[in-house]
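Here are my notes for you, written as numbered points. Keep the viewer open beside them and look up each residue as you go.

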Amino acid sequence: MANKATLITRYRSIAADGSGVEMVIWRVPDPVPPSGHRFKYRLVYIEAGLRVVGFDNERGKGDHKHVGSAELPYDFVDVDRLIDDFLQEVDRWKNAR
């Protein structure tokens with residue numbers, strides 16, 4: 001069993017206007033290089049069919065976030081902090097309009 005990924009959360013909420021949030025977080029048996037932790041994640045906020053905020057740890061890139069067209073490093077602490085940081089970034093995006 002230790003060789004299988006375990007789903008931590010899968011959440012999706014899309015509004016009538018097409019905007020919405022999707023969060024998928026897995027606990028994996030081995031870190032996804034170059035990340036040093038054992039989580040694989042993808043959290044996105046979409047407007048008009050486009051990702052405008054996203055946090056993920058793609059293999060080869062490690063932990064990072066997307067805000068608009070910018071890609072920035074992200075310092076992963078734990079899953080709770082990841083979700084909090086993502087939701088705060090979404091709020092900042094929405095309030096910057």
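1. Skipping neighbours within four places in sequence, Pro34 is in contact with Gly60, Lys61 and Gly62. You'll find Pro34 in the loop between strand S2 (20–27) and strand S3 (39–47). Keep in mind that this is a predicted model, so please read every value below as computed from that prediction.

2. Is Pro34 buried or exposed? Its relative accessible area is 58%, and anything over 50% counts as exposed, so Pro34 is exposed. For a sense of distance, take Phe55: Pro34 and Phe55 are 21 residues apart along the chain, and their C-alpha atoms are separated by 15 Å.

3. A cis peptide bond joins Pro33 and Pro34, with omega at about 5°. That deserves a second look because most peptide bonds are trans.

4. Most residues other than glycine have a negative phi, which is why I flag it. Ala48 sits in the loop between S3 and S4, and with 69% relative accessibility it counts as exposed.

5. Next, step back to the whole chain. How many helices and strands does the chain have? There is 1 helix, and there are 6 strands. Read from the N terminus, the order is β-β-β-β-β-β-α.

6. On overall size, a compact globule of 97 residues would have a radius of gyration near 13 Å, and the 14 Å of this chain agrees with that. The C-alpha trace spans about 45 × 25 × 20 Å along its principal axes. Of the 97 residues, 37% are buried. The accessible surface comes to about 6,100 Å², and carbon and sulfur atoms own 50% of that surface.

7. Time to look inside. The largest nonpolar core has 16 residues, and Tyr41, Leu43, Phe55, Leu82 and Phe86 touch the most other members.

8. If you set aside neighbours within four places in sequence, Phe86 is in contact with Val21, Met23, Leu43, Val44, Tyr45, Val53 and Phe55.

9. Then come the aromatic rings. A search of the whole structure finds 4 aromatic pairs. One of them is Phe39 with Phe76, a tilted pair with 5.8 Å centre to centre and 35° between the planes. This pair links distant parts of the chain, since Phe39 is in strand S3 and Phe76 is in the loop between S6 and H1, 37 residues apart. Phe39 counts as buried at 16% relative accessibility, and Phe76 is buried too, at 12%.

10. Why is its pair with Tyr41 called stacked? The ring centres are 5.7 Å apart and the planes meet at 20°; planes under 30 degrees apart count as stacked, so this pair qualifies. Tyr41 lies in strand S3 and Phe76 in the loop between S6 and H1, so the pair ties together parts that are 35 residues apart in sequence. Tyr41 is buried, and so is Phe76. Taken together, Phe39, Tyr41 and Phe76 form one aromatic cluster.

11. Val32 is 26 residues from Glu58 in sequence, but their C-alpha atoms are 7.5 Å apart in space.

12. Last, the hairpin. Strand S5 (residues 62–67) and strand S6 (residues 70–73) run antiparallel and are joined by 4 bridges. His64 stands opposite Pro73 in S6. Between the two strands of this hairpin there are 2 residues, and Gly68 takes a positive phi near 60°.

Note on methods:
Residues are numbered from 1 along each chain as its sequence is written. This is a predicted model: local features need pLDDT of at least 70, side-chain atom pairs count only at pLDDT 80 or more; totals for chains, interfaces and linings use all residues. Side-chain values use heavy atoms; hydrogens and water are left out. Two strands pair if DSSP finds at least two bridges between them. Buried means under 20% relative accessible area, exposed over 50%, partly exposed in between (1.4 Å probe, protein chains only). Contact means heavy atoms within 4.5 Å. A nonpolar core is a set of buried Ala, Val, Leu, Ile, Met, Phe, Trp, Tyr and Cys residues joined through side-chain atoms within 4.5 Å. The radius of gyration is taken over C-alpha atoms; the globule rule is 2.2 Å times the number of residues to the power 0.38. Accessible areas come from the Shrake-Rupley method with a 1.4 Å probe; for residues, only the protein chains shown count as cover. Rings of Phe, Tyr and Trp (its six-membered ring) pair if their centres lie within 6.5 Å; planes under 30 degrees apart count as stacked, over 60 as edge-to-face and the rest as tilted.
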